[in-house]
Amino acid sequence: MSRQHQFKAREENILAMAEQLLLESGDGDITLDSLADQLDLAKGTLYKHFSSKDELYLRIILRYEEQLFEINRIDDSPSAGIVRVIFQQLLNPQKAMLLNQIEERLAASVTGLNRLFGELYDIRRHRMKRLIEIISVYLKDERSSLSTRDYLSSIWAMGQGGAGLLNSSFYQRYLGRRDTLRYAFVQQMLALPSHYPAADEEVMDEDMQELVEQIETESEEHRNANY
């Protein structure tokens with residue numbers, strides 16, 4: 001294995017272990033000392049890969065976004081794509097909520113990470129476009145008048161709310177089987193378009209292109225922002 005491949009492999013190990021420790025911490029924070037101990041590395045070795053703990057956290061978020069993007073690139077039926085979008089938050093609710101909280105904290109208080117934030121938003125923009133495509137096709141197949149924007153918002157609301165419920169220690173005492181709750185959420189989202197039947201003559205998703213253009217505009221604003 002070349003030195004470059006060794007470096008990349010070690011970096012992937014660092015990211016994977018840091019994510020695991022974050023999920024185990026319960027408070028969304030770890031120390032670089034504990035991370036180095038778990039990996040049996042010198043702390044200075046971590047700084048060869050990441051300039052700060054904040055950069056490490058953002059790289060974990062970026063890695064997660066890349067994984068989601070690859071999942072959404074699967075080219076099968078629109079309904080399967082919808083299910084994957086929902087499950088991305090419901091199958092690992094602790095991870096989805098924790099990384100979202102860390103990202104909000106970094107965006108509000110950290111400077112000097114413009115390039116990485118730019119990469120994150122760039123990947124997210126491409127993923128959003130893919131989700132819009134999947135959702136638009138599904139709505140047309142279902143001959144629904146529900147707009148892409150409203151359906152996407154509904155899916156996200158279900159995912160966020162469901163993740164919060166599944167991740168709550170209080171509610172977990174009364175949920176029963178998690179798999180049945182996830183199944184119920186998915187069925188509700190798949191059935192939602194049928195409650196908004198389109199007129200027989202045509203199915204028109206008028207706001208799809210507007211939504212794509214809005215994403216492009218906001219992405220340009222993100223690229224010019226300071227973090």
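## Helix faces and salt bridges: worked exercises

Let's start with Asp33: with 43% relative accessibility, this residue counts as partly exposed. Keep in mind that you're working with a predicted model.

**Exercise 1.** Work out which residues of helix H2 are buried, and how they're arranged around the helix.

*Solution.* 
Step 1: Go along H2, which runs over residues 32-39, and pick out the buried ones: Leu32, Leu35, Ala36 and Leu39.
Step 2: Now look down the axis of H2. The buried residues fall within an arc of 95°, so they line one face of the helix.
Step 3: Here's the general idea behind that: an α-helix has 3.6 residues a turn, so residues three or four places apart point the same way.
Step 4: Check the face turned away from the buried side of H2, where you'll find the exposed residues Asp37 and Gln38.
Step 5: Ask what covers the buried residues of H2. The cover includes helix H1 (3-25), helix H3 (43-46) and helix H4 (53-72).
Step 6: Carry on past the end of the helix. Just after H2, Asp40 has a positive phi of about 55°.

**Exercise 2.** Find the salt-bridge partner of Asp33 and say where the two residues sit.

*Solution.* 
Step 1: The side chain of Asp33 meets that of Lys43 in a salt bridge, at 3.5 Å from N to O.
Step 2: This pair links distant parts of the chain, since Asp33 belongs to helix H2 and Lys43 to helix H3, 10 residues apart.
Step 3: Classify Lys43. Its relative accessibility is 34%, so Lys43 counts as partly exposed.

**Exercise 3.** Describe the salt bridge between Glu65 and Arg124, then decide whether each residue is buried or partly exposed.

*Solution.* 
Step 1: In this salt bridge, the closest N and O atoms are 3.2 Å apart.
Step 2: Glu65 has 3%, so Glu65 is buried.
Step 3: Arg124 has 22% relative accessibility, so Arg124 counts as partly exposed.

**Exercise 4.** Explain how Glu133 and Arg130 are placed in helix H7.

*Solution.* 
Step 1: Their side chains meet in a salt bridge, 3.1 Å from N to O.
Step 2: Glu133 and Arg130 are three residues apart in H7, so about one helical turn separates them.
Step 3: Glu133, at 40% relative accessible area, is partly exposed, whereas Arg130, at 15%, counts as buried.

Conventions:
Residues numbered from 1 in each chain as written. Predicted model: local features only at pLDDT ≥ 70, side-chain atom pairs only at ≥ 80, totals over all residues. Heavy atoms only, no water. Buried < 20%, exposed > 50% of the residue type's maximum accessible area, 1.4 Å probe, protein only. Helix = DSSP H or I, 4+ residues; strand = E, 2+ residues; numbered from the N terminus. Arc of directions from axis to C-beta. Contact = heavy atoms within 4.5 Å. Salt bridge = Lys/Arg side-chain N within 4 Å of Asp/Glu carboxyl O.
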